[in-house]
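Subject: Structure handover

Hello,

The structure you asked about is below, with the sequence. My notes on what was found in it follow.

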Amino acid sequence: MLRILIADDHEFIRKGLKQILTEEYPDVYIGEADDKGTLLSMVFSEPWNLVISDISMPGGGGLEALSIIKQQLPAMPVLVLSIYPEDQFALRVLLAGASGYLNKDAAPETLLKAVKDILAGIKYIAPAAKDFKQFRDDSKK
């Protein structure tokens, strides 16, 4: 069974992501966290195929949580979401070990493309992020 953990401090974002994902993956189990502490507790207490995390949450930022996750579970795929455009945070997030970066303004189809790529072991790089070609090339090796 596919298991995805969604971490965002806004319930409407979590519910929207959950709806989009369950329409595509009807049998998916989705866990929800609303702050960094809950995210980390859930990541380390249950198995997950993918973590989708906001970059900014109560209790500390998503980048800090990403660093902790990658130190203990380096193979854990993490898709980082943000209201900030790719040119402001994508490179930083990818260098920190994320499997992808997605702006919250993205269409549902883009979210699904990112999830499918990441679950297939391919880093998700938004087409608009032309400066990140090295990550696209590296993810296909």
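This is a predicted model: local features need pLDDT of at least 70, side-chain atom pairs count only at pLDDT 80 or more; totals for chains, interfaces and linings use all residues.

To finish with L81: its relative accessible area is 4%, so L81 is buried, the cut-off being under 20%. Y101 is 20 residues away from L81 along the chain, yet the C-alpha atoms of the two are separated by 5.9 Å.

Strand β1

Strand β1 takes in residues 3-7 and runs parallel to strand β2, residues 29-33, with five bridges joining the two. Two of the pairings can be looked up directly: A7 has A33 as its bridge partner in β2, and L5 stands opposite G31 in β2.

β1 also runs parallel to β3, to which four bridges join it. Here I6 is partnered with I52 of β3.

How many of the five residues of β1 are buried? Five of the five are, so the strand is largely enclosed by the rest of the structure. Both of its faces are covered, with R3, L5 and A7 buried on one side and I4 and I6 buried on the other.

Salt bridges

The count of salt bridges comes to nine. Those worth a look in the viewer are listed below.

- R3 and E46: the side chains meet in a salt bridge at 2.6 Å, N to O. R3 belongs to strand β1, while E46 is in the loop between α2 (36-45) and β3 (50-54), so the pair ties together parts that lie 43 residues apart in sequence. R3 has a relative accessible area of 18%, which makes it buried. For E46 the value is 28%, and E46 is partly exposed.

- K116 and E24: the closest N and O atoms of this salt bridge are 2.8 Å apart. Because K116 lies in helix α5 (residues 108-119) and E24 in helix α1, the pair ties together parts that are 92 residues apart in sequence. K116 is partly exposed, at a relative accessible area of 40%. E24 counts as partly exposed too, at 33% relative accessibility.

- D117 and K113: in this salt bridge the closest N and O atoms are 2.9 Å apart. Both residues lie in helix α5, four residues apart, or about one turn of the helix. D117 counts as buried, with 13% relative accessibility, whereas K113 counts as partly exposed, with 44%.

- R14, K15, K18 and E32: these four residues are linked in a network of salt bridges.

The largest pocket

What volume does the largest pocket hold? About 190 Å³ of space lies in it. Its lining is made up of 13 residues, and those nearest the centre are L17, I20, K104, A106 and L111. The elements that give two or more residues to this lining are α1, β7 (100-103) and α5. Of these, α1 gives the most, with five residues.

Is the lining mainly nonpolar or polar? By residue type it divides into ten nonpolar, two polar and one charged.

Where to start

One is R3, which is buried and sits in β1, and whose side chain meets that of E46 in a salt bridge.

Regards

Conventions:
Residues are numbered from 1 along each chain as its sequence is written. Side-chain values use heavy atoms; hydrogens and water are left out. Two strands pair if DSSP finds at least two bridges between them. Buried means under 20% relative accessible area, exposed over 50%, partly exposed in between (1.4 Å probe, protein chains only). On a 1 Å grid over the protein atoms alone, a cavity is a set of points where a 1.4 Å probe fits but cannot get out, and a pocket is an open set with protein on both sides within 12 Å along at least five of seven lines; lining residues have an atom within 4 Å of a point. Grid points are joined across faces, edges and corners, and a volume is the space filled by probe spheres set on the points. Ala, Val, Leu, Ile, Met, Phe, Trp, Tyr, Cys and Pro count as nonpolar, Asp, Glu, Lys and Arg as charged, and the others, Gly among them, as polar.
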